[in-house]
Amino acid sequence: MSGGHLRHARRYLARHLGQTLLSGLGIAFSLLLLTLTQASQRGTFEAVLREFEGLGQNSALLYMHENERLPPRFFEGLGRLSDNHQWRTLPIFESALGANAVGQPVQARVLFTDPDFTAVFQPKLAAGDPLREEDQHVNRAVIGSTLAEQLGISLATPHVKLGGEWYQVRGISNGLQAGGSQIHQFLNIREAALVVRPLDSLLHGNRPLKFVLIRTANREQLADVGRRFTHFLAESGLDHLRYDLRLPLKQNQLTARSQALLAAHGGLVGAVCLLLSCLGILISYQLQLRYRREEFGTLIALGASPAFIGKNLFAEVLLLVAGSGFAGMATGIAACIPVAWVWVTPMSPHPADWATSVGLLALVALATALPPALLARRFDPIELMRLHR
Amino acid sequence: MEQTPLIQMQGLRFAYGPVSVLADLGLTLGHGERIAIMGRSGAGKSTLLHILALLQSFNEGRFLFDGEAVDTLERGRKEEVRARHIGMVFQAHYLIPYLTVEENVVLACELAGVPADPNQVTHLLACVGLTERGKHRPTQLSGGEQQRAGLVRALAKQPLLLLADEPTGNLDVETGGRVLDLMLDPAIYAGAVIAVTHQPEVANRFDRVLALRDGRLQYQTWEQPR
């Protein structure tokens, strides 16, 4: 393919602007969507990593195989166990705070989007002790409107008295809101909530508990968790419960899992959109192969070969896909800012994602441009010339 | 030394399956010679044009184009010869609709591998009275202008052979006459012309008039049009 083919293709596309725009719209939209999805996924991923920063080094994740609500004695026992062994425990409930996980971010936003709220209420103490730096990440709550209501937390009273101590609840709407869905993905649960310790005040809710994330003071204690938890269940009369102990929660696994999800989700969205767009362009060019036969016949008469016509069509589709794809990507990157602002969601456009998109676009361009080009090579020049009668 | 004829056809046969179209056809055409071919519909005129344009293969016989045996030429070489040495004009103009007149002309030159000489293009456009129309698209031209633009496109690469299929068929008598004047004006184009036409008054303008009958070319005689 030479510069002549590209020049000819550019002229064709530029002088059939309506058709070009219509054909390219799907690809542009797909790339826009893909870029936004990638930016959103990456933003979420980064927000979650920030949220879980430091978590996992000295943590154990206990998954309770229990669909029924756990009795209050479980929470009471868990509280004692944690206290006795200097664990810090974050129960993760299945249903109380579904807002983040089930696409109802409005419920969560009500509490957390007010900038004054996050500016004023910074956690300073945990159980009477100054917060360590890593605890500042841990001892915060992500709560939705339902639990907030149950705990009596509101914008007017953003405090919660837990275990006889007052805790301040801080929310970061972006990371936490998006993080909800990411937590759901990490932990393979449908609904989740993170609530600060101590647990006592939460017991009254008698909620189904799916995960208990236990942070201990040091790594040695982690080895003891499984054994002590078995005893704990037996002492609590809950030894019918099965549990998985994952120890420790490794940050790099968390990262790998998130990246895999990032690629899978972005890829899925992009693949579906691009597939449909490609199909549209292929159908469009299939039709063009019919209604442009007069033009092709003229080119044959001028000395062009069917291969030349094929290369022209290849260049046209290539330019169309590349042009509209890049336009879509550029729009997507530019749209990240307003999207993040309007929907209060973390967006992180990243060159690595753009490179992936460009690679995908190149594949799509080739896959879409080749069929019409190959079909054109099979043109019978005599058939085309018969039109010139 | 005697110049090799541009076209030499001997014993040319072509059939669509069992239907014989050209049978033992012979034709010799010198450089710069202009002939008209007449014949009834279905006589095989278009097939002959396609063979002359190196688009259609034939079943038997011998066809030399400027001394080269066409049946031994590879496809790529045929396309090269067609692009470089053969110009075609049709009953309808068949300009590429999204290109301007000048771009149509330049495209033909590019396909021929001939650098488009802007002065030559301008000169040809001036010769056919389209000086002001070079930047216009075909849809902005009248039928006669389109046909003249098509003629310029065919002639810009200075082909050895111009094939014309009913070149004035869609034009009124006056406009058609003007196009014919241009086509046959040695100052504009000095190469050979083979024109297929149904119109005796058009055919009469050529050096020789041949009739395609029963698959063969014969000298045409007819009553002079009144």
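What share of the 226 residues of chain B count as buried? In this predicted model, in which local features need pLDDT of at least 70, side-chain atom pairs count only at pLDDT 80 or more, and totals for chains, interfaces and linings use all residues, the share is 46%, a residue being buried if 20 or more other C-beta atoms, placed from the backbone, lie within 10 Å of its own, exposed if 12 or fewer, and partly exposed in between. Residues are numbered from 1 along each chain as its sequence is written, while chains are lettered from A and ligands numbered from 1 in the order in which they are written.

The secondary structure of chain B comprises 7 helices and 10 strands, where helices (H or I, at least four residues) and strands (E, at least two) are DSSP runs numbered from the N terminus. Among contacts in chain B between residues at least 6 apart in sequence, 73% join residues at least 24 apart, a contact requiring C-beta atoms, placed from the backbone, within 7 Å.

Chain B contains an open sheet of 4 strands in the order β2-β1-β4-β5, with antiparallel pairing; two strands pair if DSSP finds at least two bridges between them. Because β2 (19-29) and β5 (68-69) of chain B each have a single partner strand, they stand at the edges, and one side of each is left without a neighbour in the sheet. Strand β1 (residues 7-16) of chain B is joined to the antiparallel β2(B) by 7 bridges, and B:Ala15 lies opposite B:Ser20 in β2(B). Helix α1 (residues 45-52) of chain B packs on this sheet, touching β1, β2 and β4 (60-65) of chain B, and its direction makes about 55° with that of β2(B), as given by lines fitted to C-alpha atoms, for helices over the stretch in contact, with angles running from 0 to 180 degrees between N-to-C directions.

Between the chains, 20 residues of chain B are in contact with 18 residues of chain A. On the side of chain B that touches chain A, α1, α2 (75-85) and α3 (101-112) of chain B each supply at least two residues, and the largest share, 5 residues, comes from α3(B).

In chain A, the 17 residues of helix α10 (residues 219-235) should span 24 Å at 1.5 Å a residue, which agrees with the 25 Å between its end C-alpha atoms; the expected span is 1.5 Å times one less than the number of residues. The buried residues of α10(A) are A:Leu222, A:Val225, A:Phe232 and A:Leu233.

Note on methods. Two residues are in contact if their C-beta atoms, placed from the backbone, lie within 7 Å.
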